[in-house]
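Please open the model in your viewer, with the sequence panel beside it, and follow the stops below in order.

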Amino acid sequence: QTQALSSNGTVAVGGTKSTSGNPIVGDHTLTLSNASGGLGYALSYVNGTLRVTAKPLTAQYTADDKVYDGATTATVTNTTGGIVTGDVVTFSQNVGTFADKNASDNKPVSVSNIAIAGGADAGNYVLLNTSTTAVGSITRREVTLTGASSVDKTYDGTTAVQAATPYGALGNLVDGDTVSVSGVAVYDEKNAGSRSVLQGSLALSGADAGNYTLKWTNGSGTIGKAPLTMTAVHAEKLIGETDPAFSATYSGFVNGETAAVLTDPKVMRSDPGNNNAGTYTLTPTATADNYTITPTNGSFIIQPANWLLITLADKSMTYGEGVPVLTATSARYATVSGQMITTVIVTLTPDTNKPNHYTYSDGGTTGSFDLTTTGVSTSNIGNYAISVSNFTPNPLQSMNFSNWSAPSANLLVTPFTVP
């Protein structure tokens, strides 16, 4: 018959304890005491043995993120779990290593040569692995680029910066890396004045550019006004006629601009109330935000009675095309009888067999002339004079006019558009 103990007693575990108060690895004597039996039996004790084996651990690590520095080294922290609370265990390992040096997120980090290095309780644990992989990120390194000062140019109708390198050197690069700058800086606007130099399309390039971000600091400069010559166009009329509309030609417009960008462009004649035959001065004026205008005066002639005045038409052509047929639009002279001034229209007939050749008749007597221009199909863009040549008869005979003139017209050559 089995009789239960009336008191279970206590069991004492012999041997050394760990820092946490637990038996360390090895055999420990188990000693029973303070038990009592029932029914008056006397008890005797037989000691037992407790065998403690090392606790297995799987080493785990985290990796710190870092800013790109051109190296693969990583700072790692041991996060191994399973160590009994209160135990002292330390680890050793090689420096962590990123898979490569380049910037990117969530990169594998190798940790090798892991070992339990020490601590009062190191002997109570066994490591299941000597290497592992953590995860960390390499963020891009900021490099600096500062726009230069005194980045100047003459107005050209664009925001383009003409200086080859309107900025300084890249700052904060890792030694040995291949990084350069491509693209162009721009002004904050196209107009003349004090300007800021902006980053524009400037960007990093080169084998290591992907590891950097660019921090740009604006530069400064001045866009100076472009020179523009405004020349009054020579004009003529017959005595008794109303003044024609005066005009000007221009040299110096940029980027396809025209007189539309000028403020209040006009040409004024001298002595505007005088209608007597003679020569008068034409003065051009205008203002502009982006141009420094140099005016060049022209002349205005009021031709006397019995003077034949031939009017020519302006023409235009695209560079590379043939010169168009030139045109005389009218011919006339004035007669004076007492206080009456009469304008006589002279008939002009273009020669269908000879381009740019005209015959004329004032009611009985006939003559002819040719129209010529200094422009040809390969002339550079700009204005070229159209004028009268080979006027007959010469000298004038049996005519109702005593002299003649033909103010020049212009042949404008415009750019060819590449398809």
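Select Pro393, which sits in the loop between β37 and β38 (403-405), where helices (H or I, at least four residues) and strands (E, at least two) are DSSP runs numbered from the N terminus. The peptide bond that joins Thr392 to Pro393 is cis, with omega at about -5 degrees. The model is a predicted one, in which local features need pLDDT of at least 70 and side-chain atom pairs count only at pLDDT 80 or more, while totals for chains, interfaces and linings use all residues. Residues are numbered from 1 along each chain as its sequence is written, and side-chain values use heavy atoms, with hydrogens and water left out.

Two further loops deserve a look at their backbone angles. Asp271, in the loop between β26 (263-269) and β27, has phi near 45 degrees, a positive value in a residue other than glycine. Asp271 is also partly exposed, with a relative accessible area of 45%; here buried means under 20% relative accessible area, exposed over 50%, and partly exposed in between, with a 1.4 Å probe and protein chains only. Asn356, in the loop between β34 (347-350) and β35 (357-361), likewise has a positive phi, near 70 degrees.

Next, show the largest pocket, which holds about 1100 Å³ of space. On a 1 Å grid over the protein atoms alone, a pocket is an open set of points where a 1.4 Å probe fits, with protein on both sides within 12 Å along at least five of seven lines, and lining residues have an atom within 4 Å of a point. The volume is the space filled by probe spheres set on the points, which are joined across faces, edges and corners. Which residues lie nearest the centre of the largest pocket? They are Val233, Thr249, Asp314, Asn383 and Asn410, out of 37 lining residues. β39 (409-414) is among the strands that supply at least two residues of the lining, and the largest share, 5 residues, comes from β39.

Now colour the largest nonpolar core, a set of 32 residues in which Val197, Tyr291 and Ile293 have the most contacts; such a core consists of buried Ala, Val, Leu, Ile, Met, Phe, Trp, Tyr and Cys residues joined through side-chain atoms within 4.5 Å. β23 gives the most to this core, with 4 residues. Centre on Tyr291 and, leaving out residues up to four places away in sequence, you will find that Tyr291 touches Tyr155, Phe253 and Val261, among others, contact meaning heavy atoms within 4.5 Å. Apart from this core lies another, of 24 residues, including Ala331 and Tyr384.

Move to the open sheet of 5 strands, ordered β6-β14-β11-β10-β7 with mixed pairing, where two strands pair if DSSP finds at least two bridges between them. β6 (66-67) and β7 (73-74) stand at the edges with a single partner strand each, so one side of each has no neighbour in the sheet. β7 pairs with β10 (residues 96-98) in the antiparallel sense over 2 bridges, and Thr73 has Thr97 in β10 as its bridge partner.

Finish with two serines. Ser18, in the loop between β1 (10-13) and β2 (26-33), counts as buried at 9% relative accessibility, and its contacts beyond four places in sequence are Ile24, Asp87, Asp121 and Asn124. Ser205, in strand β20 (residues 203-205), counts as partly exposed at 23%, and its C-alpha atom is separated by 49 Å from that of Val89, 116 residues apart along the chain.
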